[in-house]
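Below is a short note for a colleague opening this entry for the first time. The points follow the structure itself.

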Amino acid sequence: MQRRNNPARAMQPFQTLLAYPVKLRDSFTLSPIALSAWILVFLFATANHTFWMIGAEVFFGHGLAFSGFVLALFLLMLSIFSLFGFSWVLKPFLVVIVVLSAVSSYYVDTLGIVVDRDMIQNVAVTTFAESKHLITLGFVLHLVVFGLVPAAIILTIRPKPQGMLRTLATPLVGFVVGMSLAVGVLALDMKSYAAVVRERKDLLSSFQPGAPLLGIVRYARMVSKVRKDVIAPIGEDAVKGSSYGAGANPVLAVVVVGETARSQNFSLNGYNVKTNPRLADLPVVSFSNVHSCGTATAVSLPCMFSSFGRGRYTYERGVSTENVLDVFKHAGFHLEWWDNNTGHKGVADRIESKSFVSMSVPEFCGQGECADGVFLGALQNYAETIVQDTVLVLHQIGSHGPAYYLRYPAAFERFTPSCRTAEFMNCTPEEIVNSYDNTIAYTDEFLAEAIGVLNRQSRADTVLMYVSDHGESLGEGGLFLHGAPYFMAPEYQTKVPMIVWLSDRFSQRFSIDKSCLADQRDTELSHDNLFHSLLGMLDVSTDVRDAGLDIFARCMKDDKVASR
């Protein structure tokens with residue numbers, strides 16, 4: 001008797017094979033607490049290289065104390081994770097945590113950055129053009145191995161079924177128990193642990209996922225307090241001084257906001273590499289001892305144009321109060337903000353602004369970006385047709401990293417060999433510094449050309465002031481780029497160049513003694529001086545101007561000072 005084939009029986013091996021991953025997933029279950037604990041173990045092991053290195057230094061010779069500190073952090077994080085222990089919340093939460101920790105740990109470990117509230121703010125306001133150079137092959141591989149693959153595994157795990165009462169009670173119980181145990185462990189040596197937290201803030205600032213989570217919470221709380229639709233006016237009494245008589249030429253003041261330029265690499269300030277050959281041949285004053293308001297653009301830019309100074313500036317005050325550009329507007333000036341960077345961060349919300357980022361100028365633009373020379377043609381045209389007193393703010397791309405080699409045309413690569421990649425690990429320290437020095441040398445070229453444009457004008461009395469928003473680390477102490485918390489930032493990130501050029505007609509008209517300014521070149525100054533010095537330089541009287549912070553006040557001729 002012939003045996004008939006059974007199609008269903010023939011397919012059984014294949015069906016069994018296809019069903020195996022489902023059965024494996026169904027058999028691999030974990031309670032919410034257990035799953036959270038395993039994820040924390042994974043993060044402690046893979047995302048905290050810098051934390052372990054700093055901890056080993058801080059607790060050297062006190063291994064038991066370090067173990068207690070780590071255990072307390074583990075219990076603290078587990079108690080927080082417990083609050084998300086509901087089945088419909090837990091896996092999405094853990095996926096976000098794992099990916100966030102992978103991203104954060106890469107930049108902490110490779111660039112030495114600190115992820116705090118200000119860094120979260122930088123991320124929140126950045127653009128793709130600014131951040132794309134940080135997305136390197138090394139970063140992508142790190143993200144895949146330590147972020148995306150673990151996230152995919154988390155999604156395959158099925159939370160262990162629990163009764164309704166247990167499902168509702170476990171998160172709260174887990175939080176209370178975990179927090180109590182964490183406090184108990186810390187209480188065993190609270191005095192020592194408190195000293196460590198107080199004196200070595202870099203330890204917890206490198207801890208994953210605690211540091212980025214705390215930064216996000218603090219940033220969200222900061223932003224939620226602000227009403228951007230209510231702007232407090234200042235300087236409404238501002239008026240132009242006697243220098244603006246009938247028939248006088250228009251005034252053209254150009255304020256160049258540098259990007260990521262550190263004072264230490266300006267040969268005008270004593271650097272032993274000739275990064276400023278053009279400016280060295282011009283009658284400029286370079287102030288060599290100027291400190292920034294912050295270590296990142298999102299903080300420094302609004303702070304330096306505000307009246308508060310670093311000691312009183314906060315994000316809330318910055319976005320809800322007018323700045324020096326508004327005061328100039330009250331005084332009757334025309335104002336424009338020209339940007340070749342990532343925007344004005346709210347500083348120019350109430351004046352005309354233009355973006356030069358995507359201009360089609362072959363000489364200066366390529367690879368989707370423009371070097372700062374793109375401003376020069378527009379500046380020439382504006383100066384030749386000016387009809388009113390004007391303040392132009394030019395926001396440079398300057399020396400923004402890590403792709404320094406894109407900040408200057410190839411013809412201006414003077415210092416070689418240079419780093420031609422955003423992956424610093426593939427460059428030597430000498431190549432990184434050379435590439436950065438090329439950006440400073442190009443800023444020197446740009447400023448000299450801008451001064452040339454202004455000096456050739458007969459229609460306006462001209463002045464140029466240049467000051468950078470913050471500095472940059474080039475590997476010193478294992479740090480790269482910028483954005484370190486101010487309390488621990490090296491002077492490379494906080495000491496910035498400031499340069500002033502006055503046309504002869506301008507200095508005569510406003511009675512400013514250039515030699516007196518030059519005598520102040522080594523005076524200790526900061527971004528706090530900018531607000532008041534701009535008003536003083538342009539002879540604007542207002543109650544919000546503090547003559548004590550105005551670097552021009554002491555260099556006015558006696559008759560001019562008396563008239564103010």
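1. A disulfide links Cys365 and Cys370, with an S to S distance of 2.0 Å. The bond is right-handed, at 105° about S-S, and both Cys365 and Cys370 are buried. Please keep in mind throughout that this is a predicted model.

2. How many disulfides does the structure hold? There are four. Counting the bonded cysteines of the protein chain in sequence order, they pair 1-2, 3-4, 5-6 and 7-8.

3. One of the four joins Cys293 and Cys303, with the sulfur atoms 1.7 Å apart. The link of Cys293 and Cys303 is right-handed, with 60° about the S-S bond. Cys293 sits in the loop between β5 (284–291) and α14 (297–304), while Cys303 belongs to helix α14, so the bond ties together parts ten residues apart in sequence. Both Cys293 and Cys303 are buried.

4. Cys419 and Cys427 are also joined by a disulfide, S to S 2.1 Å. This disulfide is right-handed because the torsion about the S-S bond of Cys419 and Cys427 is about 75°.

5. The largest nonpolar core has 64 residues, and Leu252 and Leu464 touch the most other members. Helix α19 (residues 429–455) gives the most to this core, eleven residues. A separate core of 51 residues lies apart from it and includes Ala238, Ala348, Ala518 and Met537. As background, nonpolar side chains tend to be buried together in soluble globular proteins.

6. Which residues does Leu464 contact, leaving aside neighbours within four places in sequence? They are Val254, Val256, Leu447, Ala450, Ile451, Leu454, Ile499, Val500 and Trp501.

7. Helix α23 (residues 528–537) is mostly covered, with nine of its ten residues buried. Among the buried residues of α23 are Asn529, His532 and Ser533, along with Leu530, Phe531 and Met537. After α23 comes Asp539, which has a positive phi, near 55°.

8. Asn341 is in the loop between β6 (334–339) and β7 (352–355). Its relative accessibility is 7%, so Asn341 counts as buried. The side chain of Asn341 makes a polar contact of 2.9 Å with that of Glu259 and another of 3.3 Å with that of Thr342. Beyond residues up to four places away in sequence, Asn341 touches Glu259, Val357, His395, Gln396 and Ile397.

Conventions: Residues numbered from 1 in each chain as written. Predicted model: local features only at pLDDT ≥ 70, side-chain atom pairs only at ≥ 80, totals over all residues. Heavy atoms only, no water. Core = buried A, V, L, I, M, F, W, Y, C linked by side-chain atoms within 4.5 Å. Buried < 20%, exposed > 50% of the residue type's maximum accessible area, 1.4 Å probe, protein only. Helix = DSSP H or I, 4+ residues; strand = E, 2+ residues; numbered from the N terminus. Contact = heavy atoms within 4.5 Å. Polar contact = N/O pair within 3.5 Å; in protein donor to acceptor, adjacent residues only side chain to side chain. Disulfide = S-S within 2.5 Å.
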